[in-house]
Structure formats: C-alpha cells, structure tokens
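Thanks for making time this morning. Please bring up the model, and I'll walk through the side-chain contacts.

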Amino acid sequence: MIKKLLFFFMLISCISVSMAQKGSISGRIMDTINQAPLLNGVICLLTARDSFLVTYTRSDKNGHFAFKGLDAGDYILMISFPACTSYTDTFSLQSGQILVLNRICLIPAAQLLQEAVVRQRMPVIRLRGDTTEFMVDSFYVPPNSTVEELLKKLPGIQIDRLGRITAQGKVVKRVLIDGEEFFNDDPTLVTQNLRADMISKVQVFEGRNELGSRAAVNNENKEKTINLKLKEDKKNIDFGKAVLSGGASGFYDDQARLNFFRRERKISIYGIASNTGTSGISSGGQSIYSGNSVTSGGYYNGRGIPSLKASGIHFDDRWKDGRQSVNADYKIYDLDISGSGTTVSENKLPGNVINYGRQKEDLSQTKLNNSVNGTYRVDMDSVSNLEVYVEGAVLHEVSNNKVYTMTLNTDSSLLNTVDTKLKSKADARNFSGSLLWTRQLRRRGRNVSIMLRHFHSSTSSEENLYSINRFEKNDSTGIVDQYKKGNGEELSYESKLTYMEPLSEYASLSGNYGIAFNKNTLRNYSYDPSATGDYNIIDSAYSSDYDLDQVVNSFGISYNYSKKNITGSIGNDIGLAGYKQRDRWFNSSLNRRFVNWYPQAKLLYSLSSQEKVILSYAGNSVQPTIAQIQPYRSNNDPLNIFVGNPSLKPSFQNFFSMTWYKNKIVSDQYFFADLRYSYKQNAITNFTSTDTSTGKTISQLMNINGNAGLSFYGTYSLRWKRPDIQFFLHGEYNYLRFENYVNGRLNNNHSSTYLFDGSIRKNKNDKYDIRLQMSAAYNTSVSSIQAGNNTSFWVCNLIPNIDVYLTRRFKVHADMDYHYQQKLTAFDNDIHICLLNTWIEKACLRSGDLVLKISCTDALDQNAGVIRDVSTNHVSQSNYTTVGRVLLASLIYNFNRTKGSSGK
C-alpha cells in the first residue's frame, strides 16, 4: 500500500510539473531623441542566478521583440544597439505570466555626453547573504599603507600586535585575493604584503576549505575568511618593500617583499630576518609532539627570545581564457627560541587540599620547516572541471629543556623536588593529495562530483631524559635515566561521490556516499642503561606499540531552498565506523563499531537588503586519536604521568547559533550580533588522581557528559557626522561548563567572562588620526570540589593610538597598551604593565618612496612576560623571558609601478 501511495504521489508531481504554464516577455525599444523604433537591436535573456544565456532575438522594424515558452524564475534582460548606451534590467517571472514591458528607451551615446553626471552615494558596508562587504574607498588610509592598516579601520575587525586577525568574534584563518589562495596558511603574509590602495572591497564570511576537510558538513569545518578584491587598474603592477633595520642590544628586523602582478598571473617573493618577535612569525603553529600534522608557519607564543630567518615564493596564473589555473607556494622557516621562566601554581583537590607548585625552566629550541603546496584547476569542457591539490612538509625540531620543580603541601611543608633535563630531536614529514571532479548534467542545477584524497605522515623522535626525584614524606630519592625512541605513521585514503538534483527553480536535493580507510601506528620505547652505560634495557612500563585501523562508510542527504529573501538547507550525514585496535606490546586486540552523525540545518532570512538573520545548527562526531587511545605511559614529567585509554568512544558536539546583521547606510551605522550554544555528549575529558603524600598526578582520558558552552558577541559602529567621530562598541559573554574527575570525585567547573570594549576615533586626512580603545573583562571560575574557594578577577586595558602629520612627509606616532589584572587569592599582587611604542618617520625623494624611520617598542621596558591562567581546579602564573625594549633605526623603500609606466 505504501509503495502505491508513493508511486501515486510521484505521478501527480510529474503531471503537475509537465502541466505548469509557460510565461512570455514582450516589449518595444525606441530612442529618446526622435522617439523612433530601433530595428535589429540585440535583446538577450539570461538567468539571474548564474548569468547563463537562455535565448536572444532581434527587434523588428517597429522595435518589437518577444520571448515565449519561458519557465518561472528570475531573469536579466540585456539590450544593445549601435551608437546607444546598453540597457540592463532584472525581473521575476511567475508561472504562466505574460509580461509586457511597453516602451524601452535607449539613450544615444552622443546625447549622454551632454547630460549632467549624478553621483550616487554608495553604501560603506553591504550585506550579501552571510557576507559582509566593505567598500574600501570609504575608509581613508595614508599613502603606502598596508592591508593590515586598512583592516584596523573596519568595524568588527581587530588586529593584535603580532598581526593576528579577529573578525566578528572569530579568528581569521584564511585571507584570499580575488577568491584565490595567497600563502594560504598565514594571513599576515597577505595583510602585511599588499598595499591598501590596491583593494576595492573587503569581504568577510565563513567559508569551508573543502579539500582540507575530512569531516562532514559542520560548524567546526568552517573558517572565518577575508577576501580582498583588487581594483582593475591594480592587476597589472609591480610593487614591494625593502626594510633594513638595526638597533641597540643587537636587535634587527630586515625584510624584503617583491610582487609582480600581470592580470591573471601573480608572483610574490619575501624574505625575513628578525629577532624582535613581531615579523613573519605565526602564532598558530603546532609542535610535532602534539600529534597534529606539520604546519608551515613558525611557532612562537611570546615566551623566550626568537631569531627567525624565513623566505617564500607564491605563484598563481590562469590561461586559456581562465579555463586552466595553477596556485602554488613554497616556504622555509628557521626559528630559534631561547629563554627562561618561572611558574607558580595551585592545584585544588577535594577536602580543601591545595598543592602549591614552584617551577623554574630554561629552554632552547630550534625549528626548521620546509613546506610546499599547489592547486591545479582545469575546465575540461563547458560542463565539467577538475581540481588537483597537493601539499607536503618536512619539519626538524631540536630542544634542550631544564626544569626544576618543587611542590608544597597545604601547610607549606615540602612534598617533593624534581630536577629534570630533557634533550630531544624530532623529524616529521607529511604529504596529502586530493582530486575533485565535478560535472554539470543536462538539466540546469543537476551535477555530480567525485572526490579522492590521500594522506601520509610519519614522525620519528629521540629523547634523553635525566631526572632526580626527591619525595620528602617517603624520604626517598629516585633517578630516571632513560633514552627514548619513538615513531609514528598515518596513512589514509578517502573517496566521496556527491549528486545534486534540482527539484524546482528554488529547491534542490543532494546526496552523497563516501568510504575512508585510515591506518595509524604509534611506537614509543624507553630504555634504561646497562652496566656498560649503553641504553639497551627496555622499560616495559613506559613503552608501547599500538595500531589503530578505521574504516568509515558514510552517506548523507540534504535539502536546499532559495527564494527571494529566504535561503535554507537541512540534511544529515551518517558514518558507519569500524575500529580495529591492536596492542602489539601485550599481544591483544579489540574490535569496535560506532555510528557517527553529522546533522546540519541553516536558515537565512533577509529582512531587507541591509538586514539579515541567520539561524543554524550543526552536529558532528569527533573520533579519539591514537595518541589518546594507546595505553602509553609518559614519564617525561615525573610528577604528571599521562596514560592512554583504549576504551575511549567518539564524542558528539552540537552547535546552535543565531546571527543578526544590520546596516544603516544613511547614518553610517553597522550592527552585528552572534549568539552560540554548544554541548558535548561523551566529551573526552581528564580523570586525574593526585597522591597527596607525594604530589604525583596520574591522568587518563575518559568520556563524560555535561560539557557545554554559551557565547554572545555583539558589535555596534556609529559615525557622528558633524564632528566626524567614529564610535565602536563591542560586548562579549562566554560561559563554559566543564566536568572532570579529581581523585575519584566529579568536579563541575563553571567559568564566565564578561567583556566590554569600546573605541572612539577622530581623524583628518594627512593631519592626524586619534583613537582611544578601552576594555574591561570580568572573569569568574567556580569549582565544585572546593565550592568556597572561588576565583574572580578583573582585566582592563587602555589603548590610546595617535598619529600626527607635522608635514605631509613627516609623521609622528605613539601608542600605549596599559594592562591591569586584579589580584587573586592565590596571587596577592595586581598586574600593571604599560607598553609604550613610538616612532617617527620622514618620507624622502620626490616620490616619497624612501622612508627614514626611528622606532622604540616598549619604550618604558615594562614587558614583564607574565600570564595568569585559571582552568578547572588549577590556577597558575608564569613569568618568562620575552622581548622588551627595542630601539631600531630603519630605512624603508617602497616601490609601486604600473607595467609600462615610468613612475607611480
């Protein structure tokens, strides 16, 4: 009976579609001077969605034209006639509608030259779907300014002193140029390299890196992205910058950047040599010990004194009328970090027990990284295209750390002392490649795609650990003297077939099927010395040999709808995962199966052209890694032993969000608000057990329910027109509920942050630019195992920024970052840090391309290098060596030449 009903429903649907009435369009074209009909004018009809040509005709001797048998939808009408200006209009055609356009008058080109020109005030900010678009010409920046200086003036975008970009509350992961990757994993190489006067538009949106993603559609797979649209007259240009800087105490910051743009072809080269900690260093890199793949950026978190040498080259080009293109990068980083630091911490345990830690560390690290990536795209014909992506990296790390730790009991009596020396060397290599083929089928909107992906990585490491451990209550001393060797390998293959079927002009249905194979191997061996001094006695307690193989079959379906002011989608992917775990050390195996879910839904509603509301939900399963699963005990830190858990299950994350954009063009107001809620099922969290007699902690991961987060981000920007003052207000709230087990008791931790931020800006072109930014954040943390020992504190910042032009060529700058952090119960002193930066510069030569600059960073030498961290049942404060006052004299040369010209 059900089959019959389904067949009847499909039959009725097909009949209704086939009986749908066709529409028609007719009109008459004339000139505006003689009111005479125009013969043989060309009239083209295109679809509004993708500008595909539907049909065309010519006007008859009476100027008449007509199109019949048209489907319902949105169309573009284009009319052209010799010696007249072209005419373009858009309209919607309903089913069976007969649309008569009457007379369409074309203006003779000669007449147009006699008319007065009326300039329309273009909006500063536009909203296109979920994309925010800034018109760059509405924001003044001085000559020779970089894109980074431009972005600092746009509402909702912040850039810190290391160049990290935050847009609408989220960190920007990618910066594109005309939609193309440009040094794809380091946005600063774009923002500090490109000139602001080359950009026409800045677009901010959340994009998905399809080739780099293994997961199904979910919020975690989306990256905040900025796209820079070049001006047409800046696509055929040579430009660059050379900086030669030297100063007191041996500081230097030398850079060279060359760019050659030839319309579709772009070549960029850069070189950096710096030890100031502010040039060319990415803060988002990962150590190869973390189990993540090799990144191509240097890794520096502000701790220690860095010395960086880096260079890279970018090439992209299009040919054969854009049907083929290539995009490639090569980069090399050589980063040395050295320094020292001290850490004071509190570890809260049940029963009002608190262990106090004191730690001193000396570190020395060297990292050498080579990376390359490239994309090749080809339009095989008018309906199919192919994209091939490859990426590879080689990383070498050497470190030498010395750590001295002492732990005190609640009554301040000594529990233990640990003196550790760890020398390590590690190498990592990875390669990934993917192929994406798409084809448009006969019916408009119907398409099919096939994706193939391969990934391979390998790591190897050697470590020498020497540790003297003294435990006072047991009156015992232990020495750990071991040589450690490890290696790991990951190999994966993935394929996915996706098909999209249009159901109507506004709706479509897509389905996909994929299969993935993943093989992981991780081996760690610890050796004790024999009587001869050779490290050849295996320590089975701290050794492991583990394999994890996964096979995932996935399939999914989604429904998409777009009509007028409503765009939405809903769907779900399901993955059937099989685990095969082998513990070669203990000769055991475990087979498990899981069902992974990836539901998603999104609704975008346009209240007007400048006001949008977006509601979305996404969920996804997160697989435990082999580093979390393998039963390996690490004793590199003798006081904190980590043990893997072979029984870990995948966790499931849920994300709900509501976003509201509103822009008032006339009053130059911009509003953005984002509300998000997330919670995790089977979240992977820590089970820690601390021996109160020795201070030693053993940690193991486990699954738990109850972790959740809530966040709100709001931005409001307003320009007070008469005094021409820009106001920017920002509010943020973050709440996190995190659960873990401490000494067998469930610890429910609640932490909240209330942030208020505002700025006032007043500027007069080539005279002055004054900005004052203020922020205050209130932080609270409550731990259930010690409910009466709560943590709450204020963090405030005052950041004035002043630029004064004494003449058009002589500029003075000063900015200050005053940081205040309230004292805690654990630390009875407030933190006051005042970072004052100042510089003066003088433009030379007739063109002003040569600049002399004297700068002083942290002029008061107050960068103490201090961080306070509050998390669950742990509070700590670290003081570390960092770059302080830097006095530099710089010679800067900018060049900017359009091809074929003799000057700027």
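**Side-chain pairs in a predicted model**

At 37% relative accessibility, Arg443 counts as partly exposed. The scale runs like this: buried is under 20% relative accessible area, exposed is over 50%, and partly exposed is in between, with a 1.4 Å probe and protein chains only.

Ground rules next. This is a predicted model, so local features need pLDDT of at least 70 and side-chain atom pairs count only at pLDDT 80 or more, while totals for chains, interfaces and linings use all residues. Residues are numbered from 1 along each chain as its sequence is written, and side-chain values use heavy atoms, with hydrogens and water left out.

Back to Arg443. Its salt-bridge partner is Glu501, with the closest N and O atoms 3.4 Å apart. Arg443 lies in the loop between strand E23 (414-440) and strand E24 (447-471), and Glu501 is in strand E25 (residues 476-502), so the pair ties together parts that are 58 residues apart in sequence. Glu501 is buried, at 17% relative accessibility. For the cut-off, a salt bridge is a side-chain nitrogen of Lys or Arg within 4 Å of a carboxyl oxygen of Asp or Glu. Helices (H or I, at least four residues) and strands (E, at least two) are DSSP runs, numbered from the N terminus.

How many salt bridges does the structure hold? There are 25. Two more of them deserve a look.

Take Arg262 and Asp238. Their closest N and O atoms are 2.7 Å apart. Arg262 sits in strand E17 (residues 253-262) and Asp238 in strand E16 (residues 236-247), so this pair links distant parts of the chain, 24 residues apart. Asp238 is buried at 18%.

Now Arg377 and Glu387. Here the closest N and O atoms are 3.0 Å apart. Arg377 belongs to strand E21 (residues 353-379) and Glu387 to strand E22 (residues 384-408), 10 residues apart. Arg377 is partly exposed, with a relative accessible area of 27%, and Glu387 is buried at 16%. Both also belong to a salt-bridge network with Glu180, Glu264 and Arg318.

On to the rings. The count is 18 aromatic pairs. The rule: rings of Phe, Tyr and Trp (its six-membered ring) pair if their centres lie within 6.5 Å; planes under 30 degrees apart are stacked, over 60 edge-to-face, and the rest tilted. Tyr733 and Tyr754 form a tilted pair, 5.0 Å centre to centre, with 40° between the planes. Tyr733 is in strand E39 (residues 725-742) and Tyr754 in strand E40 (residues 745-764), 21 residues apart. Tyr733 is partly exposed at 23%. Tyr754 is partly exposed too, at 34%. Elsewhere, Tyr617, Phe656, Tyr677 and Tyr679 form one aromatic cluster.

Charges over rings come next. A charge sits over a ring if NZ of Lys or CZ of Arg is within 6 Å of the ring centre and within 35 degrees of the ring normal. Lys853 lies over the face of Trp839, 4.4 Å from the ring centre. Lys266 has its charged end over the ring of Phe261, 5.7 Å from the centre.

Why call E9 largely enclosed by the rest of the structure? Because 5 of its 5 residues are buried. Thr131, Glu133 and Met135 point one way from E9, and Thr132 and Phe134 the other way. Strand E8 (residues 125-128) pairs with E9 in the antiparallel sense over 4 bridges; pairing takes at least two DSSP bridges between the strands. Arg126 stands opposite Glu133 in E9.

A backbone note. Most residues other than glycine have a negative phi. Lys320 has a positive phi, near 55°. Lys320 lies in the loop between strand E19 (305-319) and strand E20 (324-349), and is partly exposed at 49%. Asn682 also has a positive phi, of about 55°. Its loop runs between strand E35 (669-681) and strand E36 (683-690).

Last, the whole chain. It has 5 helices and 48 strands. Buried residues make up 45% of the 904 residues. Among contacts (heavy atoms within 4.5 Å) between residues at least 6 apart in sequence, 63% join residues at least 24 apart.
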